[in-house]
Amino acid sequence: MSFVNEILQTIFSGIAMGCIYGLVALGFVLIYKGTEVINFAQGEMMMLGAFIGYTLITILGFPYWATLLLVILILGIFGMVLEKVLLRPLIGEPVFAIVMLTVGLGYFIRSIVTMVPGWGTNAYGLKTPFTEKFVRYGQLVLSWEHLAIIFITIVLILALFCFFRFTRTGVAMRAASQNQLAAVYMGISVNRVFSLIWIISAALGGCAGILLSPITFIHFNMGFLGLKALPAAVLGGFKSIPGAIVGGLIIGITDSLSGAYLPLGWKDIAAYIILIFILIIRPEGLFGIPLKKKV
Amino acid sequence: MRFLMKRNYYEDIKLFKYRSTFLWYIALIIGSFLLPLVSGNYFISQLTFICLYSIAAIGLMLLTGYTGQISLGHAAFLAIGAYTSAILTVRGIPFILALPAAGILAAGVGILIGLPALRLSGLYLAIATMAFAIIVEEILLRWVTLTRGSLGMVVNPPSIGPWSFSTEKSYYYLVLILLILGVLAAKNILRSPTGRAIIAIRDSEVAAQAIGISLPKYKTLSFSVSAFYTGIAGSLYAHKLTFINPESFTLGVSIELMAIIIIGGLGSLHGAIYGAIFVIFLPQLLILMKDYIPQLFSGQTGLNAALYGLMIIIFIIFEPTGIYGRWLKIKFNFEMFPLYRRGTFRREKKYFKVERK
């Protein structure tokens with residue numbers, strides 16, 4: 001009984017972690033769907049979100065929920081500025097150039113964060129209203145931090161779903177990601193759509209950061225954790241929004257199971273081993289449609 | 001103005017375009033051989049690092065600059081080369097065998113990891129290589145019986161037959177000769193049918209396929225050659241540092257290599273070397289300028305990394321052809337003096353016109 005219990009407990013914390021991966025993967029997927037580019041700085045968005053959240057809550061004393069909204073706002077603006085300053089001039093350039101730009105950007109942000117006074121190379125913890133509160137369910141002990149992550153993720157995904165389904169802008173974004181030229185002919189401003197895509201994915205990254213920071217440390221290398229969302233995105237087919245979430249959950253659960261039952265070190269690479277196997281066995285992912293390149 | 005008169009097609013793929021270029025290269029080689037006679041050990045040691053990084057960068061250049069595939073995991077091949085050479089020489093196998101073994105093992109692993117990813121579209125290789133590099137780093141850290149884990153390995157200076165390369169200057173000659181061989185080999189690969197096939201793949205995969213180039217074959221070939229170069233560089237790197245541990249081969253190193261070829265200029269072997277010079281001398285320059293940089297930045301460990309990242313961004317936006325491209329433009333300006341037009345070097349923009357799902 002206690003063994004089953006232990007596994008359930010591990011899976012539960014894996015699900016919480018998986019939600020974070022899912023959110024970051026969602027950022028990858030949105031940008032890839034919209035602009036056919038992988039944003040390798042997505043993990044750094046998460047790190048920035050965590051650091052800004054830490055500054056607001058611990059140093060400036062903001063309440064948690066206000067901080068969550070503020071972080072979404074700040075990272076959204078950051079994403080918009082990035083798109084305007086760095087990505088807009090590169091529209092029409094080879095994909096390679098844009099991807100390398102995001103790699104350079106991630107590297108740049110990661111090193112700049114270590115220079116900010118008060119942030120530096122130290123690791124910080126974050127106290128939230130959920131810290132050290134637990135719910136007992138039978139023999140299971142569910143911590144509020146994990147429950148909060150799962151809850152907020154569900155809310156965010158529902159909000160995104162409604163946005164893409166029911167609003168004019170959302171439909172316009174879906175149209176632009178399918179055929180840009182046709183979208184332009186229908187009077188959709190593709191520039192604005194790109195801008196919005198970057199805003200949403202940066203904000204999602206920031207949100208993931210602030211959700212993640214209570215259960216791990218805030219550290220300038222947090223972005224590497226965000227990179228684990230890449231396997232999640234590949235697992236989900238890289239173009240499918242539900243796929244990203246399911247991929248995130250699978251990666252999260254594998255992560256915590258391998259952390260609990262496999263020798264030291266497996267936790268860090270299990271996700272990447274899955275990634276390479278997926279590339280060999282089913283490269284289009286669980287939810288993808290095999291693609292043929294058209295001329 | 002200089003006019004080029006071509007009489008047959010082979011002149012298009014000559015190793016040296018003009019006789020004068022050939023003479024300049026000879027002068028450069030003689031100059032770099034004479035350099036240790038007049039300069040100190042520290043400078044020579046830095047030059048050795050430049051040659052080392054150049055070899056690795058030529059490898060990455062063949063893959064990224066000429067085949068158009070992104071690899072974010074070349075640190076892994078550097079690591080495989082370094083550890084192969086270290087483990088073999090510690091067990092008493094001579095360096096002359098360990099060096100090619102390092103390259104061949106890296107190339108073999110490259111084929112294994114490249115095969116699945118190269119069948120897919122370009123960005124998958126970037127993801128797969130990154131994943132691979134993280135896995136390799138972890139394996140090096142955990143396989144303690146072979147690699148001594150985070151304790152690292154001590155590597156002896158190499159010797160070939162009667163010659164020992166234990167001093168800075170002798171090691172510089174070894175690396176320099178290997179670099180010259182590497183450049184010559186790369187230049188010859190590039191003018192062979194294989195080289196022209198991989199350049200065709202970079203310029204248009206669809207067009208390359210249409211003229212009968214097998215994409216997986218040539219991509220894998222280019223990837224393994226690239227890994228071979230990087231493996232060789234890794235072996236030389238290990239013997240230069242004489243101490244290696246898994247932390248010398250992080251994701252940051254892969255990005256540094258990427259920075260080298262982007263800053264130097266994608267699609268040119270010159271670029272790989274210019275980039276290596278830039279990346280090696282940048283920290284030195286920063287040390288010299290220490291008094292002029294604000295206190296907030298100067299003492300920071302992340303300063304180099306931040307500058308590499310910034311340089312990648314700046315070069316991609318303002319000068320995607322890198323230092324070598326800028327040099328070509330300046331030279332062209334002088335050659336064509338009153339007739340230079342900016343449009344000569346304008347890049348063509350491509351927009352998505354196709355249906356996507």
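**Briefing: a hairpin, an interface and a fold**

In chain A, strand S1 (residues 134–137) runs antiparallel to strand S2 (residues 140–143), and 4 bridges join the two. The model is predicted.

**The hairpin in chain A**
- Val135(A) has Leu142(A), in S2(A), as its bridge partner.
- The hairpin of S1(A) and S2(A) has 2 residues between the strands.
- Gly138(A) takes a positive phi near 65° in this hairpin.

**Where chain A meets chain B**
- Chain A puts 43 residues into the contact, and chain B puts in 47 residues.
- On the side of chain A that touches chain B, four helices of chain A each supply at least two residues: H4 (95–113), H7 (180–185), H10 (229–235) and H12 (266–281).
- H4(A) gives the most to that side, with 13 residues.
- By class, the side of chain A that touches chain B holds 30 nonpolar, 8 polar and 5 charged residues.

**Chain B as a whole**
- Chain B has 15 helices and 4 strands.
- Its radius of gyration is 21 Å, close to the 21 Å that the globule rule gives for 357 residues, so chain B is as compact as a globular protein of that length.
- The C-alpha trace of chain B spans about 60 × 55 × 50 Å along its principal axes.
- Of the 357 residues of chain B, 42% count as buried.
- Take the contacts in chain B between residues at least 6 apart in sequence: 76% of them join residues at least 24 apart.

Key. Residues numbered from 1 in each chain as written. Chains lettered and ligands numbered in written order. Predicted model: local features only at pLDDT ≥ 70, side-chain atom pairs only at ≥ 80, totals over all residues. Contact = placed C-beta atoms within 7 Å. Nonpolar A, V, L, I, M, F, W, Y, C, P; charged D, E, K, R; others polar. Pairing = 2+ DSSP bridges. Rg over C-alpha atoms; globule rule 2.2 N^0.38 Å. Buried ≥ 20, exposed ≤ 12 C-beta atoms within 10 Å, placed from the backbone.
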